[in-house]
Amino acid sequence: MSTWRHPGRTGAVLYGLVAALLGGIVTVVSRLQVAGARGRARAVRQLPDGPVIVVSNHTSYADGVLLALVCRRLGRSARLMATAGVFRVPLLGRALRRLGFIPVVRGSDQAADALGPAAEALAAG
């Protein structure tokens, strides 16, 4: 039995608000650009409609946030898989679950258990 649930309308609104707020802050303090080069814009236009899998290797905690912001600016809402530890932070964990993010118990036999909820999220769009 999966613990993942679709974020629904409330999660979508929350995602939009958080993305707008963080996106504004990131834009002010950095030079985040999405699909600025012609080649990247062409690649974005070639993405299929519907759900896609984005694989990212990150080097900092900010990378997941930036990936979610980029996806939002491209008109998609990301459902990230994150280490289960961040879901134990009281307010953050609740918000991440509401956004439809998926906990992964890294370094254990339970890590593969996150694939079922990830497949559900992908099927849900």
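Buried means under 20% relative accessible area, exposed over 50% and partly exposed in between, with a 1.4 Å probe and protein chains only.

**Entry 1: ground rules**

I am working from a predicted model, where local features need pLDDT of at least 70, side-chain atom pairs count only at pLDDT 80 or more, and totals for chains, interfaces and linings use all residues. Residues are numbered from 1 along each chain as its sequence is written, and side-chain values use heavy atoms, with hydrogens and water left out.

**Entry 2: the overall layout**

I looked up the elements and found 5 helices and 2 strands. Helices (H or I, at least four residues) and strands (E, at least two) are DSSP runs, numbered from the N terminus. Read from the N terminus, the order is α-α-α-β-α-β-α.

The protein has 125 residues, and 22% of them count as buried. I also checked the contacts, meaning heavy atoms within 4.5 Å. Among contacts between residues at least 6 apart in sequence, 58% join residues at least 24 apart.

**Entry 3: Tyr15**

Is Tyr15 buried or exposed? Its relative accessible area is 5%, so Tyr15 is buried. I find Tyr15 in helix H1.

Next I asked which residues Tyr15 is in contact with, leaving aside neighbours within four places in sequence. The list is Ala68, Arg72, Ser77, Ala78, Arg79, Leu99 and Phe101.

With a relative accessible area of 28%, Leu14 is partly exposed. Not counting residues up to four places away in sequence, Leu14 touches Ala95, Arg98 and Leu99. I looked up Leu14 and Ala95 as a pair: they are 81 residues apart in sequence and 8.5 Å apart in space, C-alpha to C-alpha.

Val13 has its place in helix H1 too. At 49% relative accessible area, Val13 counts as partly exposed.

**Entry 4: H1 against H3**

How do H1 and H3 pack? Helix H1 covers residues 8–29 and helix H3 residues 62–73; their angle is about 110 degrees and their axes lie 10 Å apart. For my own reference, axes are lines fitted to C-alpha atoms, for helices over the stretch in contact, and angles run from 0 to 180 degrees between N-to-C directions. Angles under 35 degrees count as roughly parallel, over 145 as roughly antiparallel, 65 to 115 as roughly perpendicular and the rest as oblique. H1 and H3 are therefore roughly perpendicular to each other.

From the H1 side, the residues in the contact are Tyr15, Gly16, Ala19, Leu22, Gly23, Val26 and Thr27. From H3, they meet Val65, Leu66, Ala68, Leu69, Arg72 and Arg73. Sorted by class, this contact has 8 nonpolar, 3 polar and 2 charged residues. Here Ala, Val, Leu, Ile, Met, Phe, Trp, Tyr, Cys and Pro count as nonpolar, Asp, Glu, Lys and Arg as charged, and the others, Gly among them, as polar.

**Entry 5: a closer look at H3**

Which residues of H3 are buried? They are Leu67, Ala68, Leu69 and Cys71, and the buried residues of H3 pack against H1.

I followed up on Leu69, which lies in helix H3. Leu69 is buried, with a relative accessible area of 4%. Setting aside residues up to four places away in sequence, Leu69 touches Ala19, Leu22, Gly23 and Val26. Just after H3, I noted that Gly75 takes a positive phi of about 85 degrees.

**Entry 6: the nonpolar cores**

A nonpolar core is a set of buried Ala, Val, Leu, Ile, Met, Phe, Trp, Tyr and Cys residues joined through side-chain atoms within 4.5 Å. The largest one has 14 residues, and Tyr15, Ala78, Leu80, Phe87 and Phe101 have the most contacts inside it. H1 and H3 each supply at least two residues of this core, and H3 gives the most, with 4 residues. Apart from this core lies another, of 5 residues, among them Ile102, Val104, Ala118 and Ala121.
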